[in-house]
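Colleague: I have not worked with this one before. Could you walk me through it step by step?

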Amino acid sequence: MNNSSINVSAGTDTSEDRALKHYPLLSPSPLLCRMEGLLDQWLWKEEYWLPPGVTWKDIEIEGDRYPLPRDLFYTLPLALGFIVLRYVFERVIAMPLSRQLGVRDRVRVRALPVPKLETFYKQNKQQPSQSEVLGLGKHCGLSQRQIETWFRQRRNQDRPSNTKKFCEASWRFVFYLIAFVAAFASLIDTPWFWDHRECWQGYPKQPVAEAHYWYYITELGFYWSLLLCVTVDVKRKDFKEQIIHHVATILLIGFSYCANYVRVGTLVILVHDSSDFLLESAKMFNYAGWRKTCDTLFVIFALVFLLTRLVVFPGRIVHSTLVLSLDFFQPFFGYYFFNALLLVLQALHIFWAWLILRMVYKFVFMGKVEKDERSDEESEPEEEEEAEEEEETSWEQRKGALNSKLASLANNCVLNNLTNQRNMNSRLPKAR
């Protein structure tokens, strides 16, 4: 790509030439040429993406694949393809597998049909305030207790089932596992896998292998699909952190591809995939009720996560991008932007590591992992359902205690009556 102005002169590429080169399936048009010129002027400035003194022409390698920003457009239809494939996978493979593994969905009490409450639930908010509860009670002719119970049951009614959560986890498990195995096989023989200084030898004039090209495009398409489906997926406790993670990952993959940070970028993605498939497998067995298997996988996941995200990632990869890279080029905008995104990811790693260490503490001192505090716990609805179950349990316990007391009292009354009767019978002969 060229950063020259849109002037037609001998020996220079015009906007039509660049448009035909970057979008060969599209015929040149004034609109396309204008868009290409705006991209050259505002977005694809060489000082943004490349070290000082390096131009887009310099990274073009004859006979080899080299990064082109237009390749990123292929990830959008690929993301839609992932969404369709996921839909088919969850219904054809994941759901039958969930039944085979014994996944059971909790039977929930459905809220009674009350049109006014349903309208308020959908249009306003799912958790009304105290004053709103009193107002709704007057309009519907229900007590405050009945209104609160209705909203609690209605919220629990919308909670995702264990089968849905199992299907989501199994889809991510399959992708992360395949991606990790394929990437590891393609990277283990590369020099930069063992010596991170090799990530910068000859930068940015580095050809991109076919396997690494597809690794990048596939990973970016997959994270686009996760971001597009985030509103319909199970909403987890770290929902905001997941959004930040997906956006940072998409920016990181996209920018590193355009700036030809592909070598170090493949290592970043590999480090993340190495523990993600272990987490998803632990979730699957947790939903299936296989507690021992879930606990074992979680311990393995925790060890791998803490090692890769808190030791390898900052100590090897971030150190390479921050320090070692300066031995090969001068810092530029892309250097600061890329490392800022890596530090955002590292901050998220520290946050998740804290949650994981809390779970490890519970596992060591309490004997089991009860909840996935990292990302599998729904925030308020599950807590409400558990509170409701505890309330019902406490009521059952109180009712059972009351019944036992009544039975004991009744037995005492019967015994007293029998004793009095025997005493009366024993006194009758003496009276005669």
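Colleague: To begin, how many helices and how many strands does the chain have?

Modeller: The chain has 15 helices and 0 strands, where helices (H or I, at least four residues) and strands (E, at least two) are DSSP runs numbered from the N terminus. Please keep in mind that this is a predicted model, in which local features need pLDDT of at least 70 and side-chain atom pairs count only at pLDDT 80 or more, while totals for chains, interfaces and linings use all residues. Residues are numbered from 1 along each chain as its sequence is written, and side-chain values use heavy atoms, with hydrogens and water left out.

Colleague: What share of the chain is buried?

Modeller: Of the 432 residues in the chain, 44% are buried, and that word means under 20% relative accessible area, with exposed being over 50% and partly exposed in between (1.4 Å probe, protein chains only). As for contacts, meaning heavy atoms within 4.5 Å, those between residues 24 or more positions apart make up 78% of the contacts in the chain with a separation of 6 or more.

Colleague: And the largest nonpolar core, which residues have the most contacts inside it?

Modeller: Those are W200, Y261 and F313, in a core of 73 residues; a nonpolar core is a set of buried Ala, Val, Leu, Ile, Met, Phe, Trp, Tyr and Cys residues joined through side-chain atoms within 4.5 Å. Among the elements that give two or more residues to this core are α4 (75-101), α8, α10 (210-228), α11, α12 and α13 (291-322), and the largest share, 11 residues, comes from α14. There is also a second, separate core of 10 residues, which includes Y121, V133, W150 and F151.

Colleague: What does Y261 touch, leaving aside its neighbours within four places in sequence?

Modeller: With those neighbours left aside, Y261 is in contact with W200, Y203, Y216, S256, F329, F332, Y335 and F338. Y261 also belongs to one aromatic cluster, together with W200, Y203, F255, F329, F332, F333, F337 and F338.

Colleague: Switching to rings, how many aromatic pairs turn up in the whole structure?

Modeller: A search of the whole structure finds 32 aromatic pairs. Rings of Phe, Tyr and Trp (its six-membered ring) pair if their centres lie within 6.5 Å, and planes under 30 degrees apart count as stacked, over 60 as edge-to-face and the rest as tilted. One of the pairs is W171 with F222, which is tilted, at 6.3 Å centre to centre and 40 degrees between the planes. W171 lies in helix α8 and F222 in helix α10, so this pair ties together parts that are 51 residues apart in sequence.

Colleague: Are W171 and F222 buried or exposed?

Modeller: W171 counts as buried at 6% relative accessibility, and F222 counts as buried at 0%. Y335 and Y336 form another aromatic pair, edge-to-face, at 5.1 Å centre to centre with 80 degrees between the planes. In that pair Y335 is buried at 7% relative accessibility, whereas Y336 is exposed at 54%.

Colleague: Next, where does L278 lie, and what does it touch?

Modeller: L278 lies in helix α12, which covers residues 262-288, and L278 is buried, with a relative accessible area of 11%. Not counting residues up to four places away in sequence, L278 touches I300, F301 and V304. The C-alpha atoms of L278 and Y176 are separated by 9.0 Å, although these residues are 102 residues apart along the chain.

Colleague: How about T163, is it buried or exposed?

Modeller: T163, found in helix α8 (residues 162-187), counts as buried at 14% relative accessibility. Residues up to four places away in sequence again not counted, T163 touches M95, S98, V103 and D105.

Colleague: And T293, which helix holds that residue?

Modeller: T293 is in helix α13 and counts as partly exposed, at 31% relative accessibility. T293 and S281 are 12 residues apart in sequence, and their C-alpha atoms are 9.6 Å apart in space.

Colleague: Last topic, how many disulfides does the structure hold?

Modeller: The structure holds 0 disulfides, a disulfide being a pair of cysteine sulfur atoms within 2.5 Å. As for individual cysteines, C258 counts as buried at 1% relative accessibility, and C294 is buried with a relative accessible area of 6%.
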